[in-house]
Amino acid sequence: MEPAELLAAYEQMAVIRRTEKAAHDLFLQGLVKGTTHLAAGHEAIAVGASAALRPDDYVFATYRGHHHALARGATPQECLAELMSRATGLCKAKGGSMHLTKAATGMLGSYAIVGAHLPMAAGAAWSARLRGTEQIAVAFFGDGATNIGAFHEALNLAAVWKLPVLFVCENNLYMEYTPIADVTAVPRPAADRAPGYGIPGEVVDGNDVVAVQEVVARLAGRARAGGGPALLEAETYRHFGHSRADPATYRPAEEVERWLKHDPLDLARGRLVELGVAPETITEADERASTVVREAVEVAKAAPPPDPREALTDVWADGGAAWRT
Amino acid sequence: MADVISYREAVAEGIAREMRRDPTVVCLGEDIGEAGGVFKTTVGLRAEFGSERVWDTPISEQAIVGAAMGAAMTGMRPVAEIMFSDFLACCWDYLANEIPKVRYMTGGQVTVPLVVRTANGGGLGFGAQHSQATENWAFTIPGLKIAAPATPGDVIGMMAAAIRSDDPVVFFEHKALLATKGTPPPPDHVVELGRAAVVREGADVTLVALASMVPLALKAAELLSGEGIEAEVVDLRCLVPLDMSTVLASLGRTSRLVTVEENPYQGGWGGTLVSVVADEGFGLLDAPVRRVTGECVPLPFADALEEEVIPTVEKVVAAVRDLAAY
Ligand SMILES: Cc1ncc(C[n+]2csc(CCOP(=O)(O)OP(=O)(O)O)c2C)c(N)n1
């Protein structure tokens, strides 16, 4: 990455980190209902991958998908308004934290059934190939999803049809509360499965935005050129618990400490300094990120709730919900 | 084109007509290419449209329907085949959680114009895991349109409407009807989804039926006619949208209602239909309603056993006689 590109990536990660913190605080204040699955700690995967993709490529994510929505064009304001059930939310407050979607920028949704979106990403890649657009599709998913049938069906289909799709596993070591290692027969839940489908399986430091950008650029280029799918396992860690107020006490203290020291923002900052970017320039990026998110919180808070009549729209393409004539 | 067409040929013909007019229509499923489908309902499609539009898949029901969904979200109109409707259970997440919800939960951003076709129902002695009438599974889910044609002409016309629909459609092709024949419909024949048909007029009782139960209801009506009871037969054709106005209008003429369903009584579509009648058409009724349905057992193998548990002409005749005397 060039310094300017890395600085932009850093700022995007800073925006995501602060948006996640805001979501957490708003949840504790009772302004965010239901649940949230924060991705603080995973920023480098979303941002590094996005930096390697074309704007018209397709992205499919999971319920832990705030970072992907933000990296793929949703604004903090749209996302926070959605979380706070406002009419101005990204999905008109019909989606919520687990379903952030911005189709106009290729963010084709966040899916809360573990692994369900992997076949969809294969299908979007198939469609791109049929239409001859040279777009690719990317499915981001957790380590837990590697033991779901849809994961295996999607990998095989993508491999035999040579589809331009990347499967990117965010291995944060845990499913909800259970370590993935306790329930998976191979050490690398994603990468080790790739040979069984005859596709490349790679491992990357998911907290290093530059490393992620490089490997995704390479695998995306290969897919775009007709080389078929690949499976990437990005090692990372979530800073918060699984969801809501989960304090994640099941994680050993030294493990948490080790990973917090390997923070994606710190890593990127270090690299910027190495590249000769002045510390004040980095501080300015941090300040811009803070301002954007602070304003987003205020604007979203002030937005109106959805019109209750909206509950009966958008089932069908005609906009309505009628099931009988 | 020949002057008769079978229901099974009508499936391929209906798909082919749409593939000719719209290059975004593509097919995927197990054995649908060279093999022409296990029920021979896709014969000729590979030869005419090639392997870039007619795709053989692995035995991966989740991948088939999930990939169809992803393709539908991004500009294609996929027609996915699930070989037997019983196997819809293998990809139920897509039908229950993904396809019908994505438009709603994205606030209308994404539309999923796909068709999932499947061979439905009993009557061929295929045993408990290849014979169910499963249209009610889909009927419980907001966001899926449900088509179940009874004649070759309707197969073609409803296939056109289903493929052109911007909403997802589950298209039930009935196994017991595959060999039945009819007149091929004219070019550009489209049967709008959600329009029931009065396929026999009569003043004494309304029989509401779907798919293979339609010819069965018609046979029962012929027998009853010999006894002086004239049954009106309504072919629902679709469960969603459900054409209650045709049903209520028929009841206005007959004042008696019998539903004929292949699926078990519990949770059957007839239950919903009669509840709407009770709610909005109670004053039209001169007698209780009757529902002729399957028994609540897995479909047995032997013909004699299968006959015992799914509706037959005799069972329908008995129900109507009983009601006519009320
Ligand atoms: C099919 C399915 N089973 C179970 C769940 C409940 N569930 C939600 S998140 C989760 C853990 C998933 O872990 P992983 O895939 O590693 O993703 P992470 O949360 O670590 O990002 C589970 C079991 C679900 N949503 N879907």
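**Close-up views of a predicted complex**

Glu173(B) is buried, and Arg117(B) is buried too; buried means under 20% relative accessible area, with exposed over 50% and partly exposed in between (1.4 Å probe, protein chains only). This is a predicted model, where local features need pLDDT of at least 70, side-chain atom pairs count only at pLDDT 80 or more, and totals for chains, interfaces and linings use all residues. Residues are numbered from 1 along each chain as its sequence is written, chains are lettered from A and ligands numbered from 1 in written order, and side-chain values use heavy atoms, without hydrogens and water.

**View 1. Glu173(B) pairs with Arg117(B) in a salt bridge.** The N to O distance is 2.7 Å. A salt bridge puts a side-chain nitrogen of Lys or Arg within 4 Å of a carboxyl oxygen of Asp or Glu. Glu173(B) sits in strand S7 (residues 169-174) and Arg117(B) in strand S5, so the pair ties together parts 56 residues apart in sequence. Helices (H or I, at least four residues) and strands (E, at least two) are DSSP runs, numbered from the N terminus.

**View 2. Arg117(B) also meets Glu81(B) in a salt bridge.** Here the N to O distance is 2.9 Å. Glu81(B) belongs to strand S4 (residues 77-84) and Arg117(B) to strand S5 (residues 115-120), so this pair ties together parts 36 residues apart in sequence. Both Arg117(B) and Glu81(B) are buried.

**View 3. Asp167(B) and Lys145(B) form a salt bridge.** Their N to O distance is 2.9 Å. Asp167(B) lies in the loop between helix H7 (152-164) and S7, and Lys145(B) in strand S6 (residues 145-147), so the pair ties together parts 22 residues apart in sequence. Both Asp167(B) and Lys145(B) are buried.

**View 4. A network of salt bridges links residues of chains A and B.** Its members are Lys92(A), Lys94(A), Glu310(A), Asp314(A) and Arg103(B). The whole structure holds 41 salt bridges over all chains.

**View 5. The largest pocket is lined by 19 residues.** On a 1 Å grid over the protein atoms alone, a pocket is an open set of points where a 1.4 Å probe fits, with protein on both sides within 12 Å along at least five of seven lines; lining residues have an atom within 4 Å of a point. Nearest its centre lie Gly123(B), Ala176(B), Leu216(B), Glu307(B) and Ile310(B). Helix H8 (213-226) and helix H11 (303-309) of chain B each give two or more residues to the lining. H8(B) gives the most, with 4 residues.
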